[in-house]
Amino acid sequence: MAQSSSDQRGTEWWRSAVIYQIYPRSFSDGMGQDGLGDLVGITERLPALVDLGVDAVWLSPFYTSPQKDAGYDVADYCDVDPIFGTLADFEAMQRKVHELGLKLIVDLVPNHTSDQHAWFGAALAAPEGSAERDRYMFRDGSGPHGDLPPNNWQSVFGGAAWTRVTRPDGTPGQWYLHLFDTSQPDLNWQNSWVREQFRDILRFWLDRGVDGFRVDVAHGLIKAEGLPDYTPPADAGSMGGTLGLEPEIEGHAEVDPPTPPYWAQEGVHEIYRDWHRVLEEYGGDRVLCAEAWVEPLAKLANWVRPDEMQQAFNFSYLETAWNGPALRSVIADSLTAFSSVGAPSSWVLSNHDVVRHASRLALTEDNPQGHGIGPKTLGKPVRALGLRRARAATALMLALPGSAYIYQGEELGLPEDVDLPDDARQDPTWFRTNGTRYGRDGCRVPIPWEAAKPDYGFSHVQRSWLPQPTDWGPYARDSQEGLDGSTLELYRSLLSARAANGLGLGEIEWLDGYPDDVVAFRNGAVTVIANTGEAVVPLPAGEVMLSSEPLGVGALPGDTTVWLRG
Ligand code: BGC
């Protein structure tokens with residue numbers, strides 16, 4: 001049966017775009033003051049992305065922020081943090097993005113603000129029960145003296161999800177909810193004033209010409225009535241998903257996983273219908289992309305119904321093991337689920353919150369999302385195996401119809417930095433769990449551009465906010481440029497062949513007759529065969545367009561993907 005990325009196939013750019021995630025603090029330090037990447041650095045390096053062959057960029061937050069959660073703690077949604085530059089630098093960057101023919105997506109963080117945001121300051125200064133307090137989730141404590149949290153919810157980063165405030169007279173007051181760090185109080189999305197503010201924030205950036213928003217924690221804005229206690233299953237990842245190793249075949253689970261009272265509540269959808277209308281005022285195919293850790297895929301598809309968002313990250317795909325049956329199943333489920341609402345599927349393997357796939361795909365122990373890996377992790381990935389699988393996995397992903405996301409550095413084959421010293425770590429997860437979870441710093445290390453420079457050309461001051469491993473020279477962009485078989489050249493070839501053959505808007509036809517470890521399909525004029533096993537598989541006749549590893553004569557080695565013409 002043929003499966004396409006969408007039933008009502010339109011031509012909007014986001015249906016098939018390859019979108020490159022820039023994590024600003026780790027991309028390029030153009031201002032050269034502090035070893036932190038910035039907007040000037042992004043502007044300077046944009047030509048490298050055109051050369052790679054992507055269609056759009058998504059920027060993680062660059063807004064005013066005390067940086068307690070690397071910018072996902074926003075103190076002013078309508079300004080640029082001085083560490084990243086100014087609004088004028090943003091405008092210069094955006095002009096350049098558009099001149100180069102790329103689209104620009106910015107991050108929107110609506111679930112919570114920073115505790116340094118003026119709204120939270122006003123809420124703390126105002127009495128209990130005031131309009132200012134009602135913009136956040138303040139509650140009385142439980143227990144005879146209110147000195148216990150209002151419920152048992154745990155923060156995604158570890159520890160209780162509630163913090164108690166002190167009244168001006170020094171006595172203990174109410175508690176506020178923070179699903180993430182103490183410094184990230186949750187907003188009350190039942191409050192119409194909050195909704196109005198965010199419409200204005202959307203318009204602020206749309207007026208400046210952005211092409212869309214990646215919406216942070218898009219499954220979390222509404223909490224269940226009464227905030228009931230909830231204990232998640234032991235294997236749940238921090239955000240609701242699991243990066244398991246067990247192949248999940250046949251539609252993931254027989255029974256839908258329970259819905260926590262803080263994720264995936266029905267009430268979020270009217271918010272996105274409202275935002276859809278705001279984007280429509282601006283025309284021009286703008287996009288909202290949901291970061292929603294929601295399973296199963298049929299439920300996630302509710303985020304991309306025709307009057308809501310345009311895209312949702314396909315974390316079920318990201319979480320799938322390197323395993324033939326599991327991959328076939330999740331690809332088929334994705335195409336079915338998203339096309340049932342007329343949306344394209346998205347595909348993603350890495351981002352700033354998960355172990356880089358060049359390491360993750362070679363892990364031998366379960367590693368729930370957000371826990372990270374480090375020096376004491378059991379079953380540390382073997383680099384060569386991880387890279388080989390990552391290259392094959394990417395070659396499979398980029399042949400699929402829909403939109404694909406690439407995380408900066410994956411085009412260089414970068415592994416997770418497993419040896420980051422403890423005293424360099426910055427992720428709140430590390431601190432809130434007293435070092436029992438490493439968190440996400442290992443995938444956030446500044447990327448290498450030039451092998452011969454002390455900080456691999458990341459910063460003019462030869463510093464980087466997280467130390468870079470000393471053996472990253474071969475991964476540097478200039479080491480790989482023009483080098484036959486390098487990961488950079490593989491990505492270039494994949495992206496150019498994907499565009500030339502219109503694979504993003506195509507449809508797939510499954511091919512039978514291969515061993516179980518093999519994922520094989522035709523997308524238009526291209527036959528794609530991914531061998532996730534170890535045994536060599538005979539190749540059918542056909543001109544080889546590209547392959548993730550050298551091929552034997554008429555043979556597809558293990559952990560290798562090939563694209564054939566015809
Ligand atoms: C972002 C994370 C962030 C969290 C809280 C996420 O899902 O991607 O990096 O820590 O939201 O904003």
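**Helix packing, domain contact and local features**

Helix α10 (residues 383–397) and helix α13 (residues 487–500) pack at an angle of about 10 degrees, and their axes lie 10 Å apart, where axes are lines fitted to C-alpha atoms, for helices over the stretch in contact, and angles run from 0 to 180 degrees between N-to-C directions. Because angles under 35 degrees count as roughly parallel, α10 and α13 are roughly parallel to each other. From α10, the residues L387, R391, T394, A395 and M397 meet T487, L490, Y491, L494 and R498 of α13, contact meaning heavy atoms within 4.5 Å. By class, this contact of α10 with α13 comprises six nonpolar, two polar and two charged residues. Helices (H or I, at least four residues) and strands (E, at least two) are DSSP runs, numbered from the N terminus.

The model is predicted, so that local features need pLDDT of at least 70 and side-chain atom pairs count only at pLDDT 80 or more, while totals for chains, interfaces and linings use all residues. Residues are numbered from 1 along each chain as its sequence is written, and side-chain values use heavy atoms, with hydrogens and water left out.

The protein chain is divided into domain 1 (2–111 + 188–480), domain 2 (118–177) and domain 3 (509–565), with bounds that come from an automatic or database domain assignment. The C-alpha centres of domain 1 and domain 2 are 30 Å apart, and their contact takes 27 residues from domain 1 and 19 residues from domain 2. Between them these two domains bury about 1800 Å², 60% of it on carbon and sulfur atoms; buried area is the accessible area (1.4 Å probe) that two parts lose on being put together, summed over both. Of the area that domain 1 buries against domain 2, N188, L227 and R432 supply 34%, more than any other three residues.

Between domain 1 and domain 2 the count is zero salt bridges, a salt bridge being a side-chain nitrogen of Lys or Arg within 4 Å of a carboxyl oxygen of Asp or Glu. By this rule the count comes to 34 salt bridges. In one of them the side chains of E91 and R208 meet (3.4 Å, N to O), linking E91 in helix α2 (residues 87–99) with R208 in the loop between α4 (192–207) and β10 (212–215), 117 residues apart.

Two loops hold backbone features. A cis peptide bond, with omega about -5 degrees, joins E295 and P296, and P296 lies in the loop between β11 (287–290) and α6 (297–300).

Notes. Angles under 35 degrees count as roughly parallel, over 145 as roughly antiparallel, 65 to 115 as roughly perpendicular and the rest as oblique. Ala, Val, Leu, Ile, Met, Phe, Trp, Tyr, Cys and Pro count as nonpolar, Asp, Glu, Lys and Arg as charged, and the others, Gly among them, as polar.
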